[in-house]
Amino acid sequence: MSKILEIFNTMEYGPAPEAPDAVKAWLDEHGRKFGLFINNEWVTPKGAKFYSSINPANGELLAETTQAGQKEVDAAVGAAREAFGTWSKTPGVTRARYLYAIARNLQKHSRLLAVLESMDNGKPIRESRDIDVPLLARHFYYYAGWAQLMETELRDYQPVGVVGQIIPWNFPLLMLAWKIAPAIAMGNTVVLKPASYTRLTALLFAEIVAEAGLPAGVVNVITGSSSAGSMIVEHPDVDKIAFTGSTDVGRTLRKQTAGSGKKLSLELGGKSPFVVFDDADLDGAVEGVVDAIWFNQGQVCCAGSRLIVQENVAGKFIQKLKNRMQHMRVGDPLDKSIDMGAIVDQSQWDTIDGWVKTGIAEGGECFQPNIALPEKGLFYKPTLITGLDPAAATVQEEIFGPVLVSLTFRTPSEAIELANNTRYGLAASVWSDNINLALDVASKIKAGSVWVNCTNQFDGASGFGGYRESGYGREGGREGLFEYLRPTWMDRPRPEFVLDEKKKWGEHVPTLPASRQPTVARANGHSLPLVDRTPKMYIGGKQVRPDGAYTSSVLSAKGKLVGQVGDGNRKDIRDAVEAAHKARTSGWAMRHGYNRSQILYFIAENLDARNAEFVKRIVEMTGRTQKSAQAEVDASVERLFTYAAWADKYGGTVQETTLRGITVAVNEPMGVIGIACPDENPLLGFISLMAPAIARGNSVVMIPSQKYPLSAMDFYQVLDTSDVPGGVVNIVTGDRDHLVKTLVQHEDVDSVWYFGSAEGSYHVENESAANMKRTWTGYGLPRDWMDREQGEGHEFLHEATQVKNIWVPTGE
Ligand code: NAP
């Protein structure tokens, strides 16, 4: 009695432990030893090595799991390949039934999944039970819907093939759902490798999926170390890699898959800002911070780990936060009333502790509440570090633990600058009672998800993914489907090239004078040299001479000189990028679609007015017939019409998430796109790539066809007369690979499109790993630019944009 009275007086929580018995029974049933799940069967390779799965909360051994090697990876990929034949042809409505059955089955086993997740990972049962597992089922329901609708709504697409999926340890089940559900919904088959620290729930999931009757080989789960992951990535029979994990490993994967024609999506790290304005509900924002950084012990890719508070309320806010931290409960993950569980592994604990020491060494003031931690197990106190310089490593680098750093700002523009002062761009949280201000800031922060007056919102109906070094591709929503689809006309690219290791890619010796200048005959019998019309570069809306003062010749099909163009160099590209940035920041992206569409129509009108001249030029350079050149010019005008149409019809959608409020997916421009054009169709290739990019608010640096550059150079006169602001389209002629190398290495170029050779495609992808630039390459394979299916449409718009989801709760 006195105990109850005591509790009543102190309002202390008593322990509310969840029983681990069912999990123990499941582990025992497997003899606490697991094989690999291939073709719906457990496979234990002879002489296999095993890895111990440990409960980080108490150090107990949970089970041994197999370390897959090459033979097992081959077997799993083989099973997936075999199953792909049937699964990809299974009607969408049938696949929908399977996904639905999986979702139902997951719900039936939800408690077992949640308890195992908490025991394997250390996360509070409150989170695994109420967030991870419900979202797991939600994703299968959501994508069951897309399987049902695929044949009618996505009829121009086909599945990609066998997909290798590699996931991290922080949300083992949720990451698995984000990857497997859309993949199999679209008719792909998968080989999934969970992270080593958290392998068990993926194995339980595999069993539940088989129980739901999914055909053998559609989902294969193999456990193993990073080298097994690497084997999946390198496997020639894998068509796509979907990876979630650290930016460093993402970089390795980009290099490994470069030039292979495998699709790649990367969901990487983050250092997300949590911005609090002085008019925000400060108590609500404090709870938001708790959710943002101490959810899952801060081991969250999108954790709001950088608090940015308006200076005039910073003191008050930090004090409220410290008071709140004093009441946080850290302890047994299976206790339903704790806020934070255990850190996943000792090495992660050491990394976190190392960062806290670095933060202090960098001059930060460290606050940790005076709360008790369990004596045993990997627990870490919620930590706040104030007083750091925005450039400090602790402020810039992802800690991936319960450590919050805080900064202050005075004006909204300073807040935006601080928020964007990071190489990452995964998520952000903005808190203000002024909804206009909050939405303006949300639109200016470079991140894939922005939560207004809320944080860490996820749902199957909304895409999640990064800007900048947080990766590319989206998981969730309709936008997440495109990672698992290929246009129906396109086969899996299998580029062929031999890498010349000795030759340095992109090296270029400027060309020397070549053929003789053509002359023109006059009536008096004299022949005169033509008045020189060597086009210059087109940068910032002006014609400029090439920086290197070198010129190269353009020859006709018969080897006759038809003109000369500047031979561009690095400096020309750098100037063009600068001009493109100026155009962007001076408002091209902010113009409304109507205005951009008017300009595209105007370009079309002016091009059509000079139709004959462009036809003549194509004939002259390529030796093609008049008829074929005419068809190309007509198609170019038509293509401009297409993107004038799309300029105000691809802004985004309202997502039907579970949030009570509004979730808007905005298709934002990429920024500055560097575009290397193909040689086939010198005018149409150029316009097919330029038009979607500028229609969607990007500014571009164009490298025209190297062989036939003159159509693009004639085109700048059309741009000049069409109200295109200077710097939106910049044109640099010269050696394609030499120029594109500078573009792909440039820190201020957001994306590179390359339609040159297979080897060049390899180099572009390989070089892009340095700053995780998004790329789109043609692998040197043919594309029929005249064909509307291949030369325009959604694929182009998709590449020209990145999706930002903005979440705004509504209500009083
Ligand atoms: P990680 O070290 O990059 O590992 C992720 C996965 O990749 C694991 O399965 C790992 O296997 C495997 N792996 C490691 N090296 C590999 C290689 N060379 N080739 C192929 N596979 C390889 O990341 P982590 O420490 O598990 O997870 C934390 C990171 O994930 C953080 O940076 C976090 O921000 C990020 N994350 C991002 C998102 C997102 O949606 N953007 C979501 C969650 C987490 P082993 O475990 O066997 O080493």
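1. The axes of helix α4 (residues 92–108) and helix α8 (residues 200–211) cross at roughly 125° and come within 9 Å. Helices here are DSSP runs of H or I with at least four residues, numbered from the N terminus; axes are lines fitted to C-alpha atoms over the stretch in contact, with angles from 0 to 180 degrees between N-to-C directions. The pair is therefore oblique, the class left after under 35 degrees (roughly parallel), over 145 (roughly antiparallel) and 65 to 115 (roughly perpendicular).

2. A word on the source: this is a predicted model, where local features need pLDDT of at least 70, side-chain atom pairs count only at pLDDT 80 or more, and totals for chains, interfaces and linings use all residues. Residues are numbered from 1 along each chain as its sequence is written, and side-chain values use heavy atoms, without hydrogens and water.

3. Back to α4 and α8: I102, N105 and L106 of α4 meet F205, I208, V209 and E211 of α8, with contact meaning heavy atoms within 4.5 Å.

4. Your next stop could be helix α6 (residues 125–153), whose axis comes within 7 Å of that of α4, crossing at roughly 170°. These two helices are therefore roughly antiparallel.

5. A polar side-chain atom of E398 is 2.5 Å from a ligand oxygen atom. A polar backbone atom of I167 lies 2.8 Å from an oxygen atom of the ligand.

Methods. A polar contact is a pair of N or O atoms within 3.5 Å; within protein, one must be able to donate a hydrogen and the other to accept it, and residues adjacent in sequence count only if both atoms are side-chain atoms.
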